[in-house]
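Subject: Structure for your review

Dear colleague,

Please find below the structure that I am handing over to you. A short account of the findings follows it.

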Amino acid sequence: MKKLVLFDLDGTLINSIDDLADSTNYALQQCGLPLHTVDEYKYFVGNSVDPLIRRALPEEEKENQELFDRVKKIYLSYYAAHSKDKTRPYPGISDLLSRCNKAGVLVAVVSNKPDDITADVVRYYFPQIHFAATMGPKEGIPKKPDPAGVREVLRITGIALEDALYVGDTWVDMQTAQNSGVQSCGVLWGFRTRQELVENHADFIAANAAELAEIIFK
């Protein structure tokens, strides 16, 4: 049984893709730019806000810094007011986290959302769950796949590498685990494909929360 499970947030604990897509499309629309489908946004997200905005811009405008800044400002304002419109925890996740708490398995979040927003989102969607730590990019903690966030949680908890598992839905998460020296589990309910997870050396693959529980508690 694992002693610590570290989770990615978007695409792993919560399904936030509709709110992310709606907010980015709103910003693009306000600037007279073409919009994108939700499926396209599944490949735009995962590396924090700046890459999301850059990928959403038309090819010929990707280096237009003035336009980038304008779209980003509108996006941040809109998303702050609408980030919880459609976002929900994935099926079975709250029960799995509760089971971890009851079994004494520590749980933590390491996300590419800014640190303060990560903490706020976790508190909002999982108020009954005790998290050993929540971690997002901040001074001294670069965004994933840099291992600093995972290593900081390991330091805080005192858990050894071999007793920890990192769970996520994208190549960024699998690389984060690899860079950190912990085992990884890719989840198929998120934003990317099994192929991407396998190609990035996922140690385990889970199709649903029940399969993830088997990996954690075996």
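The notes below take the chain as a whole and then turn to one pair of helices.

Please bear in mind that this is a predicted model.

The overall fold

The chain contains 10 helices and 8 strands. Its radius of gyration is 17 Å, close to the 17 Å that the globule rule gives for 218 residues, so the chain is as compact as a globular protein of that length. Buried residues make up 52% of the 218 in the chain. Of the contacts with a separation of 6 or more, 62% are between residues 24 or more positions apart.

The pairing of H5 and H10

Helix H5 covers residues 93-103, and helix H10 covers residues 209-217. The axes of these two helices lie 10 Å apart, and the helices pack at an angle of about 20 degrees. Angles under 35 degrees count as roughly parallel, and H5 and H10 are therefore roughly parallel to each other. Their crossing is right-handed.

On the H5 side, the residues that take part in the contact are Ile93, Leu96, Arg99, Cys100 and Ala103. They meet Ala209, Leu212, Ala213, Ile216 and Phe217 in H10. By residue class, this contact between H5 and H10 comprises 9 nonpolar residues, no polar ones and 1 charged residue.

Yours sincerely

Key
Residues numbered from 1 in each chain as written. Predicted model: local features only at pLDDT ≥ 70, side-chain atom pairs only at ≥ 80, totals over all residues. Heavy atoms only, no water. Axes fitted to C-alpha atoms, helices over the stretch in contact; angles between N-to-C directions. Helix = DSSP H or I, 4+ residues; strand = E, 2+ residues; numbered from the N terminus. Parallel < 35°, antiparallel > 145°, perpendicular 65-115°, else oblique. Left-handed = near helix turned anticlockwise from the far one by under 90°. Contact = heavy atoms within 4.5 Å. Nonpolar A, V, L, I, M, F, W, Y, C, P; charged D, E, K, R; others polar. Rg over C-alpha atoms; globule rule 2.2 N^0.38 Å. Buried < 20%, exposed > 50% of the residue type's maximum accessible area, 1.4 Å probe, protein only.
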